[in-house]
Amino acid sequence: MTKRLFSASTARTVVLLAGVALSLSSCGWSLWDNPMTTVRPKSDFGRWSDEIFMLISWTTLVIFIAVEGALLYACWRFRDRPGAPIPKQIHGHTVLEISWTIAFAVVLLIIGIPTIKLIFKTQEAPAATALRVDVAGKQWWWEFSYPEFKITTANELHLPVGQSVAFDLHAPDVIHSFWIPQLGGKRDVVPHRVNRIVMTPAVPGEYLGQCAEYCGMSHANMRFRVVVHPKGEFDAWVKAQQAPPAESTDPLAQQGKTLFAQSACVGCHTIAGVSAGQIGPNLTHFGSRKSLAANMMPNTAANLAKWVENPDHLKPGARMPNLGMSGEQSKAIAAYLLSLK
Amino acid sequence: MATQAAFMPGAQAKEQGVLWSWLTTVDHKRIGILYGSTAFIFFLIGGIEALIMRLQLARPDNTLVSAQTFNELFTMHGTTMVFLAIMPMSAAFFNFMIPLMIGARDVAFPRLNALSYWIFLSGGLFLNASWLFGMAPDGGWFGYANLTSAQFSPAHSIDFWMLGLQILGVSSMLAGFNFIVTILNMRAPGMTLMRMPVFIWMSLVTQFLLVLAFPAITVALILLMFDRFFGTLFYLPSAGGDPLLWQHLFWIFGHPEVYILILPAMGIVSEVLPTFARKPLFGAPVVIYSGIMIGFFGFGVWSHHMFSVGMGPVADSAFSIATMLIAVPTGVKILNWISTLWGGSIRFSTALYFSLGFIAMFTMGGLSGVMHASPPVDLQQTDTYFVVAHFHYVLFGGSIFGLFSGAYYWWPKITGRLLDEGLGKLHFWLMMIGFNVTFFPQHFLGLIGMPRRIYTYAPDLGWNFWNMVSTIGAFVIALSFVVFIYNVIKTTRTGQVAGPDPWDGRTLEWSIPSPPPVYNFARVPTVHERDDFWLGKYGDGHGGKPRGAPAPVTAAELAAIHMPPPSYWPILLAIALSIMVTGIMISAYQIIVGGLLTLFLMYKFAMEYHRPPEGHGH
Amino acid sequence: MADHAVPHAAHDPNIGTTGLDHRKMGMWIFLGSDCMFFGSLIGTYLAYKGKSLSGPGPHDVFNIPLTSYSAALLLASSLTMVLALAALQHNRVKAAAGWLTATALMGLHFVLNQVYEFWSFAVHEGLKLSTSLFGSSFYVLTGFHGAHVTGGVIWLLLIVSLALRGKIDARDYTKVEVAGLYWHFVDIVWIAIFTVIYLIP
C-alpha cells in the first residue's frame with residue numbers, strides 16, 4: 001500500500017540541491033546585467049529599497065534552509081521501519097510553540113522597523129530644488145512635461161544625474177503604472193488623483209521603463225526610455241528642446257511637412273510652429289528620440305514609415321488611426337519627423 | 001447503488017434513471033462528486049489557457065496569439081482557476097467529507113446544497129460561453145476600474161465576467177450558509193468544537209470567510225453593473241468617481257478569498273500528516289486558533305495589494321504591519337506540521353508526498369510573501385513576474401498540492417478503490433519538478449524587470465532564457481496530469497478494493513464502509529476525544545483500552561433511518577436564476593421573466609416540505 | 001448503547017447540536033452576510049459624500065418629515081411582527097395573519113413612500129442615477145434596501161395567504177420567526193441608513 005519507488009528523502013534532497021545549484025549558477029550571469037534589472041539600483045530610492053530587499057532575502061534564505069532542512073531531516077529520520085511500534089502520541093509542547101512564535105515575530109520586527117522608516121523617508125515632500133516632471137500615462141504611451149522649462153516630450157525621459165526629481169503622475173484615461181526598474185519601485189498612475197514619486201538618479205546612463213498596470217490591449221507595448229545625463233549635458237538637452245525644431249533642406253522632408261500640415265495629424269499632435277494637437281505625443285523634437293511608438297522599435301526611417309502607414313498593425317489597438325497614407329506619403333512624413341532634431 | 005428513495009418507509013421505492021438521479025440528487029456525497037468532476041474539467045480548461053500563454057511567451061516578439069487573445073487568456077485563466085477550479089475542488093471535499101467527519105448523516109440543508117452546485121455549474125458555463133461568442137473577458141481576473149468601464153471596454157466581454165461572478169458568488173454564499181449550520185449543528189454526540197478534526201475547523205473558518213467576504217465583491221460588481229448599464233458614476237473619474245473604490249471593495253473580498261483558497265488545503269494536510277506519521281497533529285489547538293486568527297485578521301490586510309497606488313505612508317505602514325502580523329499564525333503552522341512528522345513513524349504514501357510537497361512549496365510562497373509585505377521592496381515586485389511566482393507557489397504549490405493530497409487520501413473512501421501508488425508517485429514527481437521548473441525562474445524574471453500581463457516582450461532584455469525554461473516546465477506539469485487521469489481511468493475498474501480503513505486513519509470517516517452507504521452511519525457514533533476513532537482502535541496510552549468492535553447494526557436501526565428524497569427544484573431554480581441574471585445583458589423582458597420564474601420556484605422549493613412526512617425536517 | 005444518549009431535541013430534526021433550529025441559525029448567518037453587503041454600500045456612500053461635482057446635494061432634496069414617518073412605519077411594523085409571532089405561538093392563526101398583514105402593509109407603505117421620494121427627486125429636483133455621485137450612491141443604497149423590504153413584504157403576504165388557507169399553524173412558528181428575524185434586520189438597516197444618510201449633516 002505504501003510502496004516507494006525510491007527513497008523519498010534522497011529524491012527530495014537531489015531536487016533541492018539541483019534547485020540550489022540552478023539558482024546559484026543563474027545568479028552569476030542573468031540577475032545583474034539586464035537592462036531592466038531591479039537589483040542593480042542606480043538611484044537613492046532604488047538603493048534604499050534594495051538594502052531592505054537584501055535584508056529580507058538573507059533572512060528568508062536562512063529560514064528557508066532551516067525549515068526545508070528540518071522537513072527533509074524529519075522525513076529521513078522518522079521513516080517507518082518494519083515492525084516499528086506506534087510512536088509516542090505527543091500532542092504539543094507549549095514552551096516550544098511559544099518560543100518559535102516569538103522568534104518569528106522578532107524576525108518580522110527586524111524587517112518591519114526599517115520598512116516603516118523607509119516608507120516615510122521615501123514619501124517625504126521633495127526638496128525645493130527638486131526637478132519637477134509631470135508624467136501623463138495614456139493608452140499606450142507616456143507624456144513627459146517639464147513645467148519649469150516649458151518643455152513637453154513623449155516616451156523618452158531625460159533627467160540630470162545627482163538631482164532629486166519629483167514626478168507628478170497624471171492619468172487622463174485608465175490606471176497605468178510608472179516604473180523604471182533600475183531606478184526604483186513603481187507608482188501607479190491613477191485617474192482622479194495625482195500621485196507622486198521622488199528619486200535621485202545616481203549613475204548616468206540609459207535605462208528602460210515600462211507600464212506595470214494592465215491598461216488594455218497594448219499594455220505590453222507601453223514602454224519608455226530614460227536618459228540620465230551628466231549635469232552639463234542635461235542643460236544642453238533642455239536648451240535643444242526649448243529651441244524651435246530644425247528646418248530641413250531635404251525635399252522629401254519638406255514634402256512631409258506640407259503633407260503633415262494638411263492632414264489630420266495636426267488634430268492630435270503638436271509640432272511647435274506647425275500644429276497644436278493635444279491628443280497624441282508632442283513631436284516637436286521627434287527626430288532626437290531613439291525609439292518610436294513608446295519604445296517599441298528603433299526610430300528609423302523604415303520603421304517610422306511603417307508606423308505612419310498602419311499604426312494598428314504594429315501596435316494592436318493603437319489610438320492613432322490609419323489615415324490611409326500611401327507608401328510614398330508615409331516615407332515623406334517619416335523623413336520630416338526624423339528631421340525634427 | 002441503491003437509490004435514496006429506498007430509505008423512505010412508506011414512499012414508493014421508485015427506481016430512477018441514472019441521469020435523472022444525478023440531476024435531482026440531494027445526497028451530499030453525490031454533490032461532492034459532481035463538484036469534484038466539474039471542477040477538474042474547468043481546471044483542465046484553465047490549464048490549457050495557461051499552456052497557450054506559456055507557448056506565446058516562450059519566445060520574444062512571438063505571434064502565436066494576438067494581444068487581444070492573450071489578454072483574454074490571462075483573464076480567463078485567473079478567473080477559472082480561482083472560482084471554477086480551486087474553490088469548487090475544495091467544495092467537493094466539504095461536501096463529501098464534512099458530514100462523515102462530524103458523524104452526521106447529511107448536511108443541514110440538502111436541497112440548498114444541490115442548488116449551490118447547479119448555480120456553480122451555470123455560472124461556470126456562462127463564463128466560458130463567452131469564448132463561444134468571441135467575447136471572452138479581457139479585463140484581468142481582478143477587473144480594475146476604470147478600464148472595465150463602458151468607455152474603455154465597450155464590448156460585452158466584461159459583462160460575461162461581471163455577471164458570471166455574481167452567479168458564482170450566490171453559489172458560494174449558499175454553500176457557506178449550509179456548511180456553517182452543518183458543522184455547528186449536526187455534530188455527533190460528544191463532538192465538542194475542540195474535538196472536531198482540524199479539516200472541519202479550517203472548513204468552518206473558510207465558510208465564514210465566504211459569507212462575510214463575498215458581499216464586498218457583490219457590491220463592487222453591482223456598482224460596475226450600474227455604471228455599465230444604468231449610467232451611474234461610481235467608477236467614473238470625470239464625474240469625481242474614484243477607480244480606487246473598486247480596488248478597495250475588490251480586495252476587501254480578495255484577501256479573505258486567498259485564505260478561502262488555502263485554508264481547506266491546510267486542513268487536508270492537517271489530516272494527512274497525522275495519519276501517515278501515526279502521531280497526532282502537533283499543537284492541534286494552536287493550529288485551530290491560528291486558523292481562526294488568520295480568518296479574522298485576514299479582513300484587515302487587503303490594501304497590501306495596493307502598495308503602489310499611492311495611499312500615503314500611514315496607510316502603507318498600517319497594512320504592512322498587519323500583513324507581517326498575519327504571517328505569524330500562518331508561519332507557525334508550518335512548524336506544527338513538521339513537528340507532527342518529528343518522532344513519528346512515517347509511511348510514504350502518495351497522499352503524504354503531496355502534503356510534504358505542500359509544506360515545502362507553501363513555505364517558499366510564504367517567504368516571498370514576507371518580501372511583499374514590505375512596501376518599499378514590494379514596489380519593485382508588485383505587478384511583475386515575482387508576484388506571479390509568489391502566488392503560484394502558494395496557490396499551486398499550496399492549494400493544488402494540498403487538494404491532490406486530499407484526493408489520494410480520500411479516493412478510497414469516495415470510490416471504494418485505491419489509486420495506484422506507483423502512478424501516484426510518478427504524478428507527484430512530474431508535478432513537483434514541472435511546477436518548480438515553471439515557477440521558480442519567474443522569481444528571476446520579476447527581479448529583472450518583466451511586468452505581468454504582457455503578451456510579448458523585446459528580445460534584448462535578458463528575459464528569453466527563463467521564459468523558455470518556464471514554458472518547458474508547464475508542459476511537464478501537463479504531463480503529470482496525463483498520468484493522474486490515466487491512474488483514475490485505470491483504477492476505476494481494476495484498482496485495489498479499499499476496505500473502510502485502508503490508511504489506519506484517525507477520524508470518523510474511516511469507521512464506515514468505502515464507499516459509504518447513502519445514510520453514512522448505520523449508527524451515529526458517540527465521540528469522547530479528538531481522534532476518537534484512533535483511540536477506539538489503539539487506546540489512549542493512559543491505560544484506557546481499545547474499544548472492541550461494536551455490536552452489529554440491527555435491521556430495526558436501519559429501518560429507522562430517513563434520508564431526504566431527491567428533488568428537481570434545485571436544478572430548476574438554478575436555471576431560472578441564470579435566466580434572470582444573464583437577462584441583464586440581453587433584455588429587460590428576460591430579467592422580468594427570469595425573476596418571476598425565480599420567485600415562483602423559490603416558493604415551490606420552500607413549500608416542498610411545508611408539511612413533510614413524519615421524521616423529515618424541511 | 002452510548003448512541004441512544006442523544007438529546008431529546010434530536011427528535012425534532014431541525015434542532016441541532018447547539019440547541020438552535022438550523023433555519024434560525026442559517027438566517028442569522030445570512031443576516032451577518034447581508035450586514036457586510038449593506039456595510040459596503042454605506043461605505044461607498046460615505047466615501048463619496050461631499051464629492052459630487054454637480055447636481056443637488058442631500059440637504060437640498062431630503063424630506064426629513066416624510067422619511068421620519070417611513071422610519072416610524074418600519075419600527076411599528078417590527079412591533080406588529082412580534083405580535084404576530086406571539087399570536088402564532090398560541091395557535092391563534094387568524095390573529096397572527098392579521099398582525100402579519102399589518103406588518104406587510106406598513107412595509108408596502110414604506111416602499112411606496114420611497115417610490116414617491118425617488119420620483120420626486122428625479123422629476124422635481126433633477127436628481128437621477130447619472131446626475132452625480134450623490135445620485136448614484138443614494139439611489140443604489142436606498143434602492144437595494146427598498147428591494148429587501150419588498151422581498152420581505154412578498155414573503156409575509158405569502159405566509160398570510162397560506163395562513164388564510166389553513167396551511168399555517170403553531171407548528172410553523174420557526175418558519176415565521178425566521179421571516180421575523182429578516183424583517184427586524186431590514187428595519188435595523190433602515191435605522192442605520194436613515195441616521196447616516198438623512199440625519200447626519
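Colleague: Morning! In chain A, what share of the contacts with a separation of 6 or more comes from residues 24 or more positions apart?
Modeller: Morning! Such pairs account for 68% of those contacts in chain A. Keep in mind that we are looking at a predicted model.

Colleague: Noted. How many helices and strands does chain A have?
Modeller: Chain A contains 9 helices and 14 strands.

Colleague: And what is the radius of gyration of chain A, next to that of a compact globule of 341 residues?
Modeller: Chain A comes out at 28 Å, whereas a compact globule of 341 residues would be near 20 Å. The C-alpha trace of chain A covers about 95 × 50 × 35 Å along its principal axes. As for burial, 40% of the 341 residues of chain A count as buried.

Colleague: Which domains does the assignment give for chain A?
Modeller: Domain 1 takes in 7-26 + 33-77 + 125-241, and domain 2 is 251-339. Their centres, taken over C-alpha atoms, are separated by 30 Å.

Colleague: How many residues does each domain of chain A put into the contact between them?
Modeller: Domain 1 of chain A gives 21 residues and domain 2 of chain A gives 15 residues. On the domain 1 side, β2 (141-146), β3 (151-154), β10 (223-229) and α4 (231-242) of chain A supply at least two residues each. By class, that side of domain 1 splits into 9 nonpolar, 8 polar and 4 charged.

Colleague: Let's switch to chain B. How many of its residues are in contact with chain A?
Modeller: 85 residues of chain B are in contact with 82 residues of chain A. Several helices of chain B supply at least two residues each, among them α3, α10 (350-372) and α13 (421-447). The largest share, 14 residues, comes from α9(B). The side of chain B that touches chain A has 51 nonpolar, 25 polar and 9 charged residues.

Colleague: You mentioned α3 there. How far apart are the end C-alpha atoms of helix α3 of chain B?
Modeller: They are 48 Å apart. Helix α3 of chain B (residues 67-101) has 35 residues, so at 1.5 Å a residue it should span 51 Å, and the two values agree.

Colleague: Where does α3(B) bend?
Modeller: The bend is at B:Thr80, by about 40°. Just after α3(B), B:Gly103 has a positive phi of about 75°.

Colleague: Is α3(B) mostly covered or mostly uncovered?
Modeller: Mostly covered: 32 of the 35 residues of α3(B) are buried.

Colleague: I've got B:Gly310 on screen. Where does it lie?
Modeller: B:Gly310 is in the loop between α8 (284-297) and α9 (313-341) of chain B.

Colleague: Why does B:Gly310 count as buried?
Modeller: Because B:Gly310 has 20 C-beta neighbours inside 10 Å, and 20 or more is what the buried class asks for.

Colleague: Which residues does B:Gly310 touch?
Modeller: Leaving aside residues up to four places away in sequence, B:Gly310 touches A:Arg187, A:Asp188, A:Val190, A:Arg193 and A:Asn195.

Colleague: Last topic: how many residues do chains B and C bring to their contact?
Modeller: Chain B brings 39 residues and chain C brings 34 residues. On the chain B side, α5 (157-185), α6 (198-230) and α7 (243-277) give two or more residues.

Notes:
Residues numbered from 1 in each chain as written. Chains lettered and ligands numbered in written order. Predicted model: local features only at pLDDT ≥ 70, side-chain atom pairs only at ≥ 80, totals over all residues. Contact = placed C-beta atoms within 7 Å. Helix = DSSP H or I, 4+ residues; strand = E, 2+ residues; numbered from the N terminus. Domains from an automatic or database assignment. Nonpolar A, V, L, I, M, F, W, Y, C, P; charged D, E, K, R; others polar. Expected span 1.5 Å × (residues − 1). Bend = angle between axes of the 7 residues up to and from the residue. Buried ≥ 20, exposed ≤ 12 C-beta atoms within 10 Å, placed from the backbone. Rg over C-alpha atoms; globule rule 2.2 N^0.38 Å.
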